[in-house]
Amino acid sequence: MRPPSARRAYAVYLWLEAAEFYCYMLVFTAGALYGIQVAHLDAFQLVLVGTALEVSALVFEVPTGIVADTVSRRLSIIIGCLFIGAGFILWGTVPLFVPILIGQILWGLGATFQSGATEAWIADELQGQDVGRTYLRGSQLGYFAAVLGIGSSALLGSQFGLAVPMVAGGMGFLVIAASLVAFMPEDHFAPVPRGDRSRARTMSDTLMAGVRTVRGHPVLLTILLITFIGGAASETFDRLWELHILGNFSFPAFVELPPIAWFALISVTALLGSIVVAEVARRRVDTDSHVATARALLGMNTVLMVGMAVFALAGQFAVAVGGYLLARIMRRVTVPISTAWINQSLTPHVRATVMSLDAQTDAVGQIAGGPLLGALAVSAGTPVAMLTVAAFIFPTLLLYARTIRLHGRDVVGDDDEPEGEPAA
C-alpha cells in the first residue's frame, strides 16, 4: 500500500500522461494537413520544420535536464507545458513558414524541459517502488487518450478548420500547466546541495556527475548507443510511412474513404494494439531487473525489425499495413520499458540529467540519419529506404544480446555503488 503522498503523485502522473497525449494528438492529427493545405509549405520547408524541432531538442536537452536536477522537477514540467502550448498556438494561428518554424523551436524547448523530468519526478515521489509498471500504466492511459484526441481533432478540423484543433491542443497545455500548479506534489525531490556555489557551477557539477554515471555503468553506454541507432532509423520511418503507402499501394475499393480517414484508422489501430501489448508487458516484464528488461527489449526489437522489413517489401496494402502496425506497436511499447531500464542504474541526483542525455542522443541520431535516408528514398525509392531502416535495427539486437550474455544475472550487482555522486 502506497502512502498518501505517493498515491496522489501516482494519480497526477497518470492524469498528466493522458492529458498530454490527448492534446498532442489534437495537434498531430491535423498538423501535416495544416502545413500542406493551409500554410502551403513545400517538401523542403516541411523537412526544415522537422529539423528545427530536433535541433531545438539537441541544443536544450541537457541544460533543461540539469534544471530539473538542481532546481525542481515540478517547475521544469510546468515550464515545459507553457512553452509547448505557446509553440502549438503560434503554429496554428500564423500559417507562415517562419512563425511555424519558431513554433517548432518553442515546442522543442518545452519538450526538453519535460524530457527526463516527468519520469524522474514520479520515480522520486514513488521512492523507486514499482516505477517501471507505473510508466507502462501511464503509457496505456496515454494511448486511450490519444484515440480520443484523434477523433476530436478529426471532428474539429472537419467542422471548423484545421487550425482549430491545433490551437485547442496548445490551449490544453496551458490548462495542464495551471492544473499542475494547483495539484502536483513534490515531496521527495532533493536538489543537489549548492552550498555557496553559483547555480551555474551546480548545474555543471550535475552534468559531470551524470557523465561519470554513464561512464561508470556499461549498461548506460549500451543504452545510449541503442538510442542513437534507433533515432537514426525512426526519423525516416516516421516521416515517410504515409508517402510509402500512397506511392506504392492502392486503398481497398470495398469502402470509399479519403486517405486521411485510412491513416486515422491505421493510427487508432496502432494505439489500441499498443494498449494491449503494453498491458501484457506490464504484467510479465520484470522492469526491476536489468537482464529481464534487456531480454524483453531484444524480443520486441526483433519483432520491430521484422515489421519494418515486411512494410518495405510488401506487395499488397493489407500486408504493408500489417507490417507497419507491428513495427509501430513495438516502437511505442519499448519506450517506457527502455525508460525503466535506464532508471535502474541512476541515483536521484543525476536521474533527470542522464535521461536528458539519452533524449539528446536520440535527437542526434534523428538529425544524422533522417536526411541521409530521406535522400536514399528520393534516389532509390521508399521501399529501399524502409528496408535500410529495418537493417539499422539489427545492430541493436546484437547489443541487447551482448548485455544479456555478459551479465547473466544482473548488470549492476547489489553491492555495486553507482558512480557519479555530485560533490558537496
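This report looks at a nonpolar surface patch and a set of aromatic rings in a predicted model.

Residues are numbered from 1 along each chain as its sequence is written, and side-chain values use heavy atoms, without hydrogens and water. Because the model is predicted, local features need pLDDT of at least 70 and side-chain atom pairs count only at pLDDT 80 or more, while totals for chains, interfaces and linings use all residues.

**The nonpolar patch**

Let us begin at the surface. Val303, Val306, Val310, Val319 and Leu326 make a nonpolar patch of about 330 Å². Patch residues have over 30% relative accessible area (Shrake-Rupley method, 1.4 Å probe) and no salt bridge (a Lys or Arg side-chain nitrogen within 4 Å of an Asp or Glu carboxyl oxygen); nonpolar side chains are joined within 5 Å, like charges within 9 Å. Helices α11 (290–313) and α12 (317–343) each supply at least two of the patch residues, with the largest share, 3 residues, coming from α11. Helices are DSSP runs of H or I, at least four residues long.

**The aromatic rings**

The structure also holds 23 aromatic pairs (ring centres within 6.5 Å). One of them joins Phe251 and Phe317 edge-to-face (planes over 60 degrees apart), at 5.6 Å centre to centre and 70 degrees. Phe251 lies in the loop between α9 (218–248) and α10 (259–284) and Phe317 in α12, so the pair ties together parts 66 residues apart in sequence. Both also belong to one aromatic cluster, whose members include Trp241, Trp262 and Tyr324.

**Exposure compared**

Buried means under 20% relative accessible area, exposed over 50%, and partly exposed in between.

| Residue | Relative accessible area | Class |
|---|---|---|
| Leu326 | 39% | partly exposed |
| Phe251 | 23% | partly exposed |
| Phe317 | 13% | buried |

Definitions and conventions: Buried means under 20% relative accessible area, exposed over 50%, partly exposed in between (1.4 Å probe, protein chains only). Rings of Phe, Tyr and Trp (its six-membered ring) pair if their centres lie within 6.5 Å; planes under 30 degrees apart count as stacked, over 60 as edge-to-face and the rest as tilted.
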